[in-house]
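Here is a short briefing on charged side chains. Please look over the sequence and structure first.

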Amino acid sequence: MKDVKENLAFIQGQIAEACERSSRNPEDVHIVAVTKYVSVERAAEALEAGIQNLGENRDEGLLSKWEVLKDRPLWHFIGTLQSRKVRNIIDKVEYIHSLDRLSLAKEINKRASKKIKCFIQINVSGEESKHGLQPEDTVEFIRQLEAYENIEVVGLMTMAPHTDDEEVLRTCFRRLRSLKEEVEGMGLKHAPCHELSMGMSNDFKIAIEEGATFVRIGSALVGE
Ligand SMILES: *Cc1c(COP(=O)(O)O)cnc(C)c1O
């Protein structure tokens, strides 16, 4: 297994090239190292390499790594979140990338002792296996979140379909971006919605060309 440091340098190079192609500033692209497949030692190696954001998709994984790493990283919860698990993670995380229903918003709001930065997960591709809101329900959902003072809607998140078809990926990311711009344009105080969480190991370059500000990278960065 390669050093995280080496992988990170390679990925940063690819990010810089994608930014160059799309006339973007690489400082606007944040890497969330997804450590769900790897040990806490490997996660610590990522922090030593300069990573600041760690992402986990299960409460057990987040808690076991948190026990060791505490508040050294900013923690991102990126997976499907069951309402009954919220209380386990809520005081550990800075970001939740998978808010997609009011029952979950209500629980987050109730358990949080500070504002939680939330991405609304959207099922852009329409695949049945994917979690997330339907694009057409997004605006109404976000309006309803105004009632929850501990939730700040920082942006939208999606998972693209599993495909190498660049056009399919691009279309998916573009649709998320245009939806983000629509919400951003509404100027809601509780939902500035400036960020786009999209792009993983296999598609982050395209996601960045289409506007991603948070890329969630696991296997290509820390390994599987
Ligand atoms: C696992 C996971 C990732 C990272 O996947 P890789 O393909 O290993 O980069 C990103 N986002 C979510 C929601 C995940 O569950």
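With which residue does E166 form a salt bridge, and how far apart are the closest N and O atoms? The partner is R170, and the closest N and O atoms are 2.8 Å apart. Keep in mind that this is a predicted model.

**The E166–R170 pair**
- Both residues sit in helix 7. They are 4 residues apart, about one turn of the helix.
- E166 is partly exposed, at 41% relative accessibility.
- R170 has a relative accessible area of 11%. Buried means under 20%, so R170 counts as buried.
- Side chains of opposite charge can pair when their charged atoms come close.

**The E210–R174 pair**
- A salt bridge joins the side chains of E210 and R174, at 3.1 Å from N to O.
- This pair links distant parts of the chain, 36 residues apart.
- E210 lies in the loop between helix 8 (204-209) and strand 8 (214-217), while R174 belongs to helix 7.
- E210 has a relative accessible area of 7%. That value is under 20%, so E210 is buried.
- R174 counts as partly exposed, with 46% relative accessibility.

**The network**
- Salt bridges link R21, E166, R170, R174, E209 and E210 in a network.

**The R58–E60 pair**
- R58 forms a salt bridge with E60. Their closest N and O atoms are 3.7 Å apart.
- The cut-off for a salt bridge is within 4 Å, so the R58–E60 pair qualifies.
- R58 has a relative accessible area of 53%. Exposed means over 50%, so R58 counts as exposed.
- E60 has a relative accessible area of 45%. This falls between the 20% and 50% limits, so E60 is partly exposed.

**K180 in helix 7**
- K180 is placed in helix 7, which spans residues 166-185.
- Is K180 buried or exposed? K180 is buried, because its relative accessibility is 9% and the limit is under 20%.
- Which residues does K180 contact, leaving aside its neighbours within four places in sequence? They are L156, C193, H194, E195 and L196.

Conventions
Residues numbered from 1 in each chain as written. Predicted model: local features only at pLDDT ≥ 70, side-chain atom pairs only at ≥ 80, totals over all residues. Heavy atoms only, no water. Helix = DSSP H or I, 4+ residues; strand = E, 2+ residues; numbered from the N terminus. Buried < 20%, exposed > 50% of the residue type's maximum accessible area, 1.4 Å probe, protein only. Contact = heavy atoms within 4.5 Å.
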